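Please look over the model shown here. The report after it takes the fold piece by piece.

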Amino acid sequence: MEIVYLLNSGFMIRDNQTLLVFDDYDDPAKIVDRAVTKGNFEYLYIFASHAHFDHFDTHIRAYADQVTRYIFSSDIKRTKRVKIFPADDITFIKKYSEWRDENIKVWTYDSTDVGVSFLVETDSGARIFHAGDFNWWYWENDTDENKNLAKKVFDKQLKRMKGLEVDVAFFPVDGRLENSQEFGITEFARNTEAKSLVAMHRAGYPAWIPSYKFKLEVEPLPIWSPVKPGEKRFLIDNKFSEAKD
């Protein structure tokens with residue numbers, strides 16, 4: 001599996017002849033453009049977890065002639081921006097739903113913000129989780145009431161993910177959360193069977209280096225925290241191998 005960082009929570013994944021693009025709101029390194037132009041794929045699926053500007057942008061309309069399917073969270077259906085997309089090429093999907101074709105299977109979970117998170121299984125059997133904005137959003141300066149609510153909604157969703165088995169999970173480790181940035185990914189890793197982790201939603205922040213506390217609470221896992229758009233890794237036998245072009 002080849003994984004390329006676009007920006008923020010945006011990634012392109014190649015699994016054999018299938019391209020999966022998640023939350024491509026900006027692609028400064030033109031990764032998706034080059035892949036589409038090259039044409040070395042059979043299927044192209046473009047996912048958007050919700051309508052926030054840093055997850056969904058209309059520039060992905062440019063791939064409509066090559067796309068197999070746009071798979072958008074149902075909240076995007078209510079936006080004006082989506083009207084420029086060919087309606088027949090879009091599947092709008094709600095939380096706790098399932099969609100499949102002959103090549104991939106998609107399941108959704110709820111978010112703790114807006115939209116959905118995605119679980120995708122390819123025809124090779126690879127299982128990929130993209131959290132979207134699902135996270136334990138514990139803001140240091142928030143009210144006690146909001147902090148308690150953030151924990152409650154996070155725990156409620158996490159119960160549905162208990163024991164989830166995935167080859168790779170993309171999960172927010174947002175630097176703006178400062179001392180609490182690891183809260184969500186720690187609990188996610190402790191409660192699921194993710195075989196590797198990719199930190200996301202960190203645009204403008206340095207690579208995440210797991211703290212000593214995280215390492216104490218979580219079984220050792222391969223972790224990648226990309227910083228520069230266009231960074232690439234190969235996931236082989238549940239380990240990240242740096243790509244050398």
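## The model

This is a predicted model, in which local features need pLDDT of at least 70 and side-chain atom pairs count only at pLDDT 80 or more, while totals for chains, interfaces and linings use all residues. Residues are numbered from 1 along each chain as its sequence is written, and side-chain values use heavy atoms, with hydrogens and water left out.

Helices (H or I, at least four residues) and strands (E, at least two) are DSSP runs, numbered from the N terminus. Buried means under 20% relative accessible area, exposed means over 50%, and partly exposed lies in between (1.4 Å probe, protein chains only).

## Helix H1

Helix H1 spans residues 31–38, and its buried residues are Ile31, Val32, Ala35 and Val36. Seen down the axis of H1, these buried residues fall within an arc of 120°, so they line one face of the helix. The arc is that of the directions from the helix axis to the C-beta atoms. An α-helix has 3.6 residues a turn, so residues three or four places apart point the same way. On the other side of H1, Arg34, Thr37 and Lys38 are exposed.

What do the buried residues of H1 pack against? They pack against strand E1 (2–7), E2, E3 and strand E4 (43–48). Contact here means heavy atoms within 4.5 Å. Ile31 is buried, with a relative accessible area of 10%. Leaving aside neighbours within four places in sequence, Ile31 is in contact with Val4, Tyr5, Leu6, Met12 and Gly230. Ile31 and Met12 are 19 residues apart along the chain, and their C-alpha atoms are separated by 7.9 Å. After H1 comes Gly39, whose phi is positive, near 75°.

Two strands pair if DSSP finds at least two bridges between them. An open sheet of seven strands has the order E7-E8-E9-E10-E12-E14-E15, with mixed pairing. Its edge strands are E7 (98–100) and E15 (223–224), and each pairs on one side only.

E9 and E10 run antiparallel and are joined by four bridges. Leu119 has Phe129 in E10 as its bridge partner. E10 (residues 127–130) and E12 pair in the parallel sense over three bridges, and Ile128 stands opposite Val168 in E12. E12 also pairs with E14 (residues 197–200) in the parallel sense, over four bridges. There, Ala169 has Leu197 in E14 as its bridge partner.

## Strand E12

How many residues of E12 are buried? Five of its five residues are. In a regular strand the side chains alternate between the two faces of the sheet. Both faces of E12 are covered: Val168, Phe170 and Pro172 are buried on one side, and Ala169 and Phe171 on the other.

## Aromatic rings

Rings of Phe, Tyr and Trp (its six-membered ring) pair if their centres lie within 6.5 Å; planes under 30 degrees apart count as stacked, over 60 as edge-to-face and the rest as tilted. The structure holds 27 aromatic pairs. In one of them, the rings of Phe11 and Phe170 have their centres 4.7 Å apart and their planes at 50°, so the pair is tilted. Phe11 lies in strand E2 (residues 10–15) and Phe170 in E12 (residues 168–172), so the pair ties together parts that are 159 residues apart in sequence. Phe11 is buried, with a relative accessible area of 0%. Phe170 is buried, also with 0%.

The rings of Phe22 and Phe118 have their centres 6.3 Å apart and their planes at 50°, so this pair is tilted. Phe22 lies in E3 and Phe118 in E9 (residues 116–122), so the pair ties together parts that are 96 residues apart in sequence. Both Phe22 and Phe118 are buried. One aromatic cluster is formed by Tyr109, Phe129, Phe134, Trp136, Tyr138, Phe154, Phe171, Phe183 and Phe188.

## Thr18

Thr18 is found in strand E3 (residues 18–22). Is Thr18 buried or exposed? Thr18 is buried, with a relative accessible area of 2%. Not counting residues up to four places away in sequence, Thr18 touches Ile13, Tyr43, Tyr45, Asn103 and Ile104.

The side chain of Thr18 makes a polar contact with the side chain of Asn103 (2.9 Å). A polar contact is a pair of N or O atoms within 3.5 Å; within protein, one must be able to donate a hydrogen and the other to accept it, and residues adjacent in sequence count only if both atoms are side-chain atoms.
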